[in-house]
Amino acid sequence: MAGSKLLSIHIADRVVDNIGANRTVVALSVARLGDAVGNSILFIVIPLYVAKLPAPWFPIPETVLVGLLISLYGLTNALLQPFVGAWIDRVSRRKPFIQAGLVLMAIGTLAFLVAGRFSALLLIRGLQGIGVALTIPASLALMASATEKRTRGGSMGVYTSMRMVGLAIGPLIGGFLHDHVGFNAAFYTGAAFTFLGLILVHSWVHETPDVGRAKAAGTFRVLDRELLTAGIIGLAIATFLMASSFSMMSALEKQFNQRLGQGAFGFGLAFSALMVSRLLAQVPLGWLSDRIGRKPLIIGGLILMAPATVLLGLASSTLQLTGFRVFQGVASAAIAAPAFALAADLSRSGGEGQQLSIVTTGFGLGIALGPLIAGVLGTFVFELPFIIGGALTAVGAWIVYRYVPETVQRGESVAARTQRKALPANND
């Protein structure tokens, strides 16, 4: 009996080691779960909240207003991340940035309770954009320093999977609360989950500042040009195209509901389908990227994302829309964890914050511009933004194939990878 118990513990330890789920990874991942639930509740609530507010000073189509509001969050986030990444590398501290960002995001969510005009919503979303700009580069830089190259794909898979759990739950909670309770309940719940993430970061994430790695005093540069390698830029483009493709539909919630005869919960169900399928595929695909390489999965994900995005505009029922989002989720799972793992592989010691912030900036710009593009183009032809988004992801697959280097040799033994991880990454 004791032998069986020891064998079970040994197997469990081996599984945990193979996917890179160390204490820091688990702590950051669970904390991101709470943050993601709080933020994603707003995905469903904001478009409906805009519709009930007084019209702005100038007559602007509602889809464009929603696109602007969603895009401001991503644009603020994207523009500030390089500054935050450079700041993180200079002080060699990550945890305080994560905590400050979560506080700003929670306060912003509660501020919706007193917002009475569209201009106020713009200020709130800008504040939340600042919060996430502080959180994301710090979290990924801490993940990069706390993981090993041989299991980094699995580690990033765990991290992004827990985030996907939150992003999958949030829209369902937001849609349910809106349909059965009201807007205020959704805002209180979103803030509560974000504060939960803050508590988990404070209690579980332990960071020892590495003073030796902090930038020496001198001129503060937001971005060292030497860090702008072809591989990092190519990965930023890939994450931009991924994020813009799956975020487009958020600006057209009202139009989807009218076309398909569904309510907020039906839209939330379809929206969350991407998160659920990505959740199921993320860890296995991240683990696979540690074995066969990062690039094949990223390229394959972009190729799959192209038709999945185009089909969103052609959906004729909630079931079809949900199915197409499932395919988008699998595609994004193939892109996200391998891309972030590859970016960490390519990052130089002491420059992780800046280089990873370039990739996350691409993601933030995708979240920002996807809804804005959809909101503008959707006023002309509903299907047009999804056709353009699908075409661009196919181009992105070629860019990754042509310009992004591989860091994992297919068929390489674990021992060889462990020995090679200490060598400088190829940033060409």
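Q: Which residues form a nonpolar patch on the surface?
A: In this predicted model, the patch is formed by Leu304, Val326, Phe327 and Val330, which together have about 280 Å² of accessible area. Helix α12, residues 318-346, supplies the largest share of the patch, namely 3 residues.

Q: Why is Phe327 called partly exposed?
A: Phe327, which is found in helix α12, has a relative accessible area of 47%. Buried means under 20% and exposed means over 50%, with partly exposed in between, and therefore Phe327 at 47% is partly exposed.

Q: Which residues touch the most other members of the largest nonpolar core?
A: Met156, Leu235, Phe256, Ile298, Leu321 and Phe386 do so, in a core of 80 residues. To this core α12 gives the most, with 13 residues. Leaving aside residues up to four places away in sequence, Leu321 touches Met249, Phe256, Leu260, Gln262, Ala270, Leu312 and Ala315.

Q: What makes a set of residues a nonpolar core?
A: The members must be buried residues of the nonpolar kinds, such as Leu, Phe and Met, joined through side-chain atoms within 4.5 Å. In soluble globular proteins, nonpolar side chains tend to be buried together.

Q: How many of the residues count as buried, and what does the protein expose?
A: Of the 428 residues of the protein, 56% count as buried. The protein exposes about 17,000 Å², of which carbon and sulfur atoms supply 70%.

Q: What is the secondary structure of the protein, and what share of its contacts joins residues 24 or more positions apart?
A: The secondary structure comes to 15 helices and 0 strands. Among contacts with a separation of 6 or more, 87% are between residues 24 or more positions apart.

Q: Where is confidence lowest and where is it highest?
A: The protein averages a pLDDT of 78, and 82% of the residues score at least 70. Confidence is lowest in helix α1, residues 2-18, at a mean of 42, and highest in helix α11, residues 295-312, at 95. Over residues 1-19 the pLDDT is below 50, and this stretch has 12 contacts in the model beyond near neighbours in sequence. The pLDDT is also below 50 over residues 213-218, a stretch with 18 contacts beyond near neighbours in sequence.

Technical notes: Residues are numbered from 1 along each chain as its sequence is written. Side-chain values use heavy atoms; hydrogens and water are left out. Patches are made of residues with over 30% relative accessible area and no salt bridge: like charges are joined within 9 Å, nonpolar side chains (Val, Leu, Ile, Met, Phe, Trp, Tyr) within 5 Å. Accessible areas come from the Shrake-Rupley method with a 1.4 Å probe; for residues, only the protein chains shown count as cover. A salt bridge is a side-chain nitrogen of Lys or Arg within 4 Å of a carboxyl oxygen of Asp or Glu. Helices (H or I, at least four residues) and strands (E, at least two) are DSSP runs, numbered from the N terminus. Buried means under 20% relative accessible area, exposed over 50%, partly exposed in between (1.4 Å probe, protein chains only). pLDDT is the predictor's confidence in each residue, from 0 to 100. Contact means heavy atoms within 4.5 Å.
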